[in-house]
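The sequence and the model are shown first, and the description follows.

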Amino acid sequence: MTGERRERRAQLATPLGPFERMAEIRAVEEHIQLLFNEGHVRGSTHLSNGQEAVAVGVAAAARLTDVVTCTYRGHGQALALGLTAKEVIGEIVGRTVGCAGGLGGSMHLVGPDVGLWPTFAIVGAGLPVAVGAALASQVNRSGRAAIAVFGDGAANIGAFHESLNLAAIWQLPVVFVCENNLYGEYTRIQLSTPVSDLADRAAGYAIPGLVVDGQDVAAVTAAVSEALERARADGGPTLLEMKTYRYSGHSKSDPGSYRPAGELDQWLRRDPITIEAGRLIDGGTATAEQLAAVSSRIAAEVRRAAADALAAPQPAVAEMLIHVHG
Ligand SMILES: Cc1ncc(C[n+]2csc(CCOP(=O)(O)OP(=O)(O)O)c2C)c(N)n1
Ligand SMILES: [Mg+2]
């Protein structure tokens, strides 16, 4: 399992790697939508279609030994870091082949061997944990950095401010990656947040804060790499605001009808997979036909992974309390 995950992570450094992984994330999310509609997903699930460049850019920039904390909207991040489609889909449909043995579900993906600490369902909860990991690294001089990925809504949670403050005062090796997708549940950011750029909040903690084009995987990779380099050189934390958009509603029971007409279409015109495809074609790395063939191969692999996951057994009832401590 670890070997395959590491191999998948290394693929991000190949010329087609980021395109392929974003295409895989898109295919997995679309498949999860189908599985949800067919009743295979218990509870809710939060898709990340449209935000693939952030997940892949973070994973491409991070070392295998770095720690990443992220949210319930974490399917893409898990796949980007190296988990397989079967492990992610298997977890979401509650099968033993899932990355947490089918016991966690959509909001609790995990893969510590590639840096994915268990994902958080509580808004903002991953930030202090990443700060703790960064403190451990500073004390142990391990060279490990931490990355907290969270949403724009989380930037209004107390834990965000406490985490930035503590990380700044102790100059901890942590990068705060805010996925600003314009909505926290059903509320548009202007109705909840008085600043237009969340990156501006970095100034309150005397740390660097940058706005990044979250639709461009190369821009995300470059910004996260630079922040990680600073963190590892005892330069302290950075706040990166990724401007992005989720194509789906907040969760699977939300059609997203509160969004203004035309907004989704406008973002679809800056689709991260299309932007990366354009770069590969313009640079002569691949032709449009080759990329189309790659996408259909990946879609077929994802369909197979989903079928394998569904064919796997569900965990036994007796396993339910194995990982519960009280
Ligand atoms: C502490 C806490 N408050 C409220 C919720 C309910 N809730 C779940 S997701 C969400 C919206 C968070 O929005 P954002 O941080 O922008 O992330 P996104 O869902 O857009 O990725 C809320 C309020 C929660 N899970 N935890
Ligand atoms: Mg949001």
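## Helices α2 and α3

In this predicted model, helices α2 and α3 lie oblique to each other, because the angle between them is about 135° and an angle counts as roughly antiparallel only over 145 degrees. Helix α2 covers residues 17-37 and helix α3 covers residues 52-61, and their axes are 9 Å apart. The crossing in which α2 passes α3 is right-handed.

On the side of α2, the contact involves Pro18, Arg21, Met22, Ile25 and Arg26. The residues that they meet in α3 are Glu52, Ala53, Ala55, Val56 and Ala60. Sorted by class, this contact of α2 with α3 comprises seven nonpolar and three charged residues, with no polar residue.

## Helices α2 and α11

Helix α2 also packs with helix α11, which is formed by residues 288-311. The axes of these two helices come within 9 Å and cross at roughly 45°. The pair α2 and α11 is therefore oblique as well, and the crossing of α2 and α11 is right-handed.

From α2, the residues Phe19, Glu20, Ala23, Glu24, Ala27, Val28, His31 and Leu35 take part in the contact. Helix α11 contributes Leu291, Val294, Ser295, Ile298, Ala299, Val302, Arg303 and Ala306. The contact of α2 with α11 contains 11 nonpolar, two polar and three charged residues.

## Helices α6 and α7

Another helix pair consists of α6 (residues 126-140) and α7 (residues 158-169), whose axes are 8 Å apart and form an angle of about 15°. Helix α6 is therefore roughly parallel to α7. The crossing of α6 and α7 is left-handed.

Leu127, Pro128, Val131 and Ala134 make the contact from α6, while Ala159, Phe160, Glu162, Ser163, Leu166 and Ala167 make it from α7. By class, the contact of α6 with α7 has eight nonpolar residues, one polar residue and one charged residue.

## The parallel sheet

An open sheet is built from five strands with parallel pairing, and their order is β1-β2-β3-β7-β6. Strands β1 (67-69) and β6 (209-213) each have a single partner strand, so these two edge strands are each left with one side that has no neighbour in the sheet. On average, and with direction ignored, neighbouring strands of the sheet are turned by 20° against each other.

Within the sheet, β2 (residues 146-151) and β3 (residues 174-180) are joined in the parallel sense over six bridges. Gly151 stands opposite Glu179 of β3.

Which residues come nearest to ligand 1? Among the 15 residues around ligand 1, they are Val123, Gly151, Gly153, Ala154 and Gly184.

In terms of class, the shell around ligand 1 holds five nonpolar, six polar and four charged residues.

Terms used: Residues numbered from 1 in each chain as written. Chains lettered and ligands numbered in written order. Predicted model: local features only at pLDDT ≥ 70, side-chain atom pairs only at ≥ 80, totals over all residues. Axes fitted to C-alpha atoms, helices over the stretch in contact; angles between N-to-C directions. Helix = DSSP H or I, 4+ residues; strand = E, 2+ residues; numbered from the N terminus. Parallel < 35°, antiparallel > 145°, perpendicular 65-115°, else oblique. Left-handed = near helix turned anticlockwise from the far one by under 90°. Contact = placed C-beta atoms within 7 Å. Nonpolar A, V, L, I, M, F, W, Y, C, P; charged D, E, K, R; others polar. Near = placed C-beta within 6 Å. Pairing = 2+ DSSP bridges.
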